[in-house]
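Let's walk through this fold together, one question at a time. Have a look at the sequence and the coordinates before we start.

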Amino acid sequence: MAQNELDRIDKQILMELQRNGRLSNQDLADRVALSPSPCLRRVRRLEEEGYIRNYVALVNPEKVGLKLLAYVTIRLNKIHRASHAPISDFAQDVQAWPEVVECYAMSGDMDYLLRVQVEDLTQFSRFAMDKLMQHPAVVDMRSSFTLQRIKETTELSV
């Protein structure tokens with residue numbers, strides 16, 4: 001099903017579940033003006049077709065001691081002695097670093113953008129110096145630190 005094949009009710013279901021993934025099927029059905037059985041069938045179809053990837057609890061990083069948020073850009077040496085595939089090596093290695101909560105391959109001057117969530121500047125410094133800058137494929141790293149959250153959402157406009 002292509003995005004343009006989603007009808008108004010499918011879109012309403014997606015919006016409601018983005019706002020509250022813990023809604024019971026009955027509550028969801030009430031909010032989108034369906035009876036429970038067709039509502040559940042639609043939700044299951046949206047899950048099966050990949051519109052809904054997962055249900056999660058969003059943890060407040062500051063409440064668990066992760067108060068520093070940094071965005072880090074990485075440029076890789078396209079060929080280095082240890083491997084002929086530094087980009088895939090880096091992409092695989094980043095999976096094991098718990099400090100990195102998001103990683104994107106990018107166009108432009110830098111190869112990757114990382115969102116790094118850590119306790120403080122000391123922990124960030126250790127991560128940057130002991131992992132990022134020691135990685136054999138990394139030739140340049142630039143970091144920026146958030147000063148204030150202006151907007152943060154997981155809701156997509158559908």
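This is a predicted model: local features need pLDDT of at least 70, side-chain atom pairs count only at pLDDT 80 or more; totals for chains, interfaces and linings use all residues.

Q: Is arginine 31 buried, partly exposed or exposed?
A: Residues are numbered from 1 along each chain as its sequence is written, and side-chain values use heavy atoms, with hydrogens and water left out. Buried means under 20% relative accessible area, exposed over 50%, and partly exposed in between (1.4 Å probe, protein chains only). Arginine 31 has a relative accessible area of 45%, so the residue is partly exposed.

Q: Which residue meets arginine 31 in a salt bridge?
A: A salt bridge is a side-chain nitrogen of Lys or Arg within 4 Å of a carboxyl oxygen of Asp or Glu. The N to O distance here is 3.2 Å, and the partner of arginine 31 is glutamate 16.

Q: At what angle do helix 1 and helix 3 pack?
A: Helices (H or I, at least four residues) and strands (E, at least two) are DSSP runs, numbered from the N terminus. Axes are lines fitted to C-alpha atoms, for helices over the stretch in contact, and angles run from 0 to 180 degrees between N-to-C directions. Helix 1 (residues 8–19) and helix 3 (residues 36–48) have axes 11 Å apart, and they pack at an angle of about 75°.

Q: Which salt bridge partner does aspartate 10 have?
A: Aspartate 10 counts as buried because its relative accessibility is 2%. The N to O distance of its salt bridge is 2.8 Å, and the partner is arginine 45.

Q: Which residues are joined with aspartate 10 into one network of salt bridges?
A: The structure holds 12 salt bridges. Some of them share partners, and the network joins Asp10 with Asp7, Arg42, Arg45 and Glu49.

Q: In what order do the 4 strands form the open sheet?
A: Two strands pair if DSSP finds at least two bridges between them. The pairing in this sheet is antiparallel, and the strand order is 2-3-1-4.

Q: Which residue in strand 3 stands opposite leucine 69?
A: Strand 1 (residues 68–76) and strand 3 (residues 112–118) pair in the antiparallel sense over 7 bridges. Opposite leucine 69 stands glutamine 117.

Q: Is arginine 142 buried, partly exposed or exposed?
A: Arginine 142 meets aspartate 140 in a salt bridge at 3.2 Å, N to O. Arginine 142 has 53% relative accessibility, so this residue counts as exposed.
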